[in-house]
Amino acid sequence: MRNIVVLFSLLVLITACAQKEEKATFQYTGNPLIKDKFTADPAPLVHDGTLYLYVGHDEYYEGQDTASGGREFNITEWLCYSTKDMKTWTDHGPVLKPTDLEWGVGEAWASQVIEHDGKFYYYTSLQAGEPYNSKVIGVAVSDSPTGPFIDPIGKPLITDEMTSNEPRGWWNDIDPTFIIDDNGQAWLSWGNGTCFLAKLKPNLVELDGEIEIVDLPKFVEGPWLHKRNDLYYLTYASMGEGRETISYATSTSMEGPWTPHGELTGMAENSFTIHPGIAEFNGKWYFFYHNASLTVDGRPGAIGRRAVCIEELQYNSDGTMQFVEQTSEGIFHNHSTH
Ligand code: FUB
């Protein structure tokens with residue numbers, strides 16, 4: 001009898017685990033990728049045969065639809081998803097919150113996670129409390145792509161007084177992006193209204209030298225650095241006809257000069273912002289962005305209720321990127337569910 005009870009309990013446990021696993025995965029059925037939550041600012045990381053996608057979790061709150069001055073956004077956590085084939089995705093849930101950083105008080109804005117020497121570095125935009133009281137860039141480090149991520153320096157990596165304030169004042173230090181160039185030099189770029197660029201020390205958690213300004217046409221925010229063949233790409237949100245588009249520039253060196261190539265995308269459906277994330281995975285290049293085309297629980301998309309989408313990215317033989325059309329079919333044009 002006792003054996004039967006143990007066996008039954010085991011069966012219940014196995015079934016519960018299987019159900020949990022089932023809940024945590026979903027299929028890509030066209031854009032937007034994630035359909036049960038509002039998500040924004042996609043940041044892909046390819047590591048060990050898996051593509052990890054980090055996003056901010058746009059959340060509804062009472063009063064959101066009449067808010068202004070940045071209060072349209074309510075993002076209290078960063079979420080992580082992963083896939084091995086771009087079709088089946090695993091939902092890892094929240095992996096970091098601004099309040100996990102001792103000095104962080106909120107606003108989980110755009111970020112990028114990178115892997116270096118077996119460690120994962122989460123470069124983040126967030127709101128810092130006393131004594132900073134501004135948007136800042138933070139960094140948190142983990143041994144795993146899904147955390148836990150720990151603040152290694154006990155303070156923001158970049159604070160407001162480290163940069164010139166230009167048009168966007170106290171919230172111009174947001175949206176970090178990272179690359180290690182062919183000389184082994186690590187670089188961080190970020191900015192809203194002004195595109196900043198700086199070298200990092202080999203520990204990747206300290207700036208090394210001056211902060212430069214990169215002059216890019218119509219730059220608004222959201223820079224994303226990547227390299228393909230001999231070219232470095234600096235892709236960013238630019239001002240279109242009253243809403244953001246994506247533009248990009250290239251260079252043969254991270255020292256510049258940067259050659260602008262104009263728009264990579266048009267404006268995103270229903271969204272003031274659009275944010276680039278680019279990665280090569282299983283022999284293809286992918287462009288991640290967000291629009292505001294999704295309705296969740298009867299609430300339609302809005303400036304602060306966005307939805308992450310994916311398109312394939314194609315290059316011309318001279319290295320320029322082909323204009324990306326934003327589609328509802330996304331990366332699998334033949335799938336049956338759309
Ligand atoms: O999600 C909040 C902010 O909106 C991001 O930091 C910007 O890039 C824009 O997408």
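This is a predicted model: local features need pLDDT of at least 70, side-chain atom pairs count only at pLDDT 80 or more; totals for chains, interfaces and linings use all residues.
**Stop 1: the cores**

Select Tyr54, Tyr122 and Leu313 to begin. These residues have the most contacts inside the largest nonpolar core, which has 42 residues. A nonpolar core here is a set of buried Ala, Val, Leu, Ile, Met, Phe, Trp, Tyr and Cys residues joined through side-chain atoms within 4.5 Å; buried means under 20% relative accessible area, exposed over 50% and partly exposed in between, with a 1.4 Å probe and protein chains only. Now colour strand 7 (residues 119-128), which gives the most to this core, with four residues. Helices (H or I, at least four residues) and strands (E, at least two) are DSSP runs, numbered from the N terminus.

Then move to a second, separate core of 18 residues, where Leu157, Phe196, Leu204 and Leu207 are among the members.

**Stop 2**

Select residues 284-291, which make up strand 18; seven of its eight residues are buried. Strands pair if DSSP finds at least two bridges between them. Across this pair, Glu280 stands opposite Trp285. The two strands form a hairpin with two residues between them, and Asn282 in the turn has a positive phi of about 50°.

Now bring in strand 19 (residues 307-313), which runs antiparallel to strand 18 and is joined to it by seven bridges. Tyr289 has Cys309 of strand 19 as its bridge partner.

**Stop 3: the cavity**

A search of the whole structure finds one cavity of 30 Å³ or more. On a 1 Å grid over the protein atoms alone, a cavity is a set of points where a 1.4 Å probe fits but cannot get out, and a pocket is an open set with protein on both sides within 12 Å along at least five of seven lines; lining residues have an atom within 4 Å of a point. Volume is the space filled by probe spheres set on the points, with points joined across faces, edges and corners.

To see the lining, select Asp41, Ala43, Tyr54, Val55, Gly56, Trp78, Trp109, Ala110, Ser111 and Tyr122. Strand 2 (38-47), strand 3 (50-58) and strand 6 (104-116) each supply at least two of the lining residues.

**Stop 4: the pockets**

The largest pocket has a volume of about 450 Å³. Select Leu45, Val46, Gln112, Ile114 and Phe178, which lie nearest its centre among 20 lining residues. Strand 6 gives the most to this lining, with five residues.

Finish at the second largest pocket, with about 340 Å³ of space. Of its 23 lining residues, Phe73, Trp109, Trp171, Glu221 and Thr273 lie nearest the centre. Strand 6 and strand 13 each supply at least two residues here.

Conventions:
Residues are numbered from 1 along each chain as its sequence is written. Side-chain values use heavy atoms; hydrogens and water are left out.
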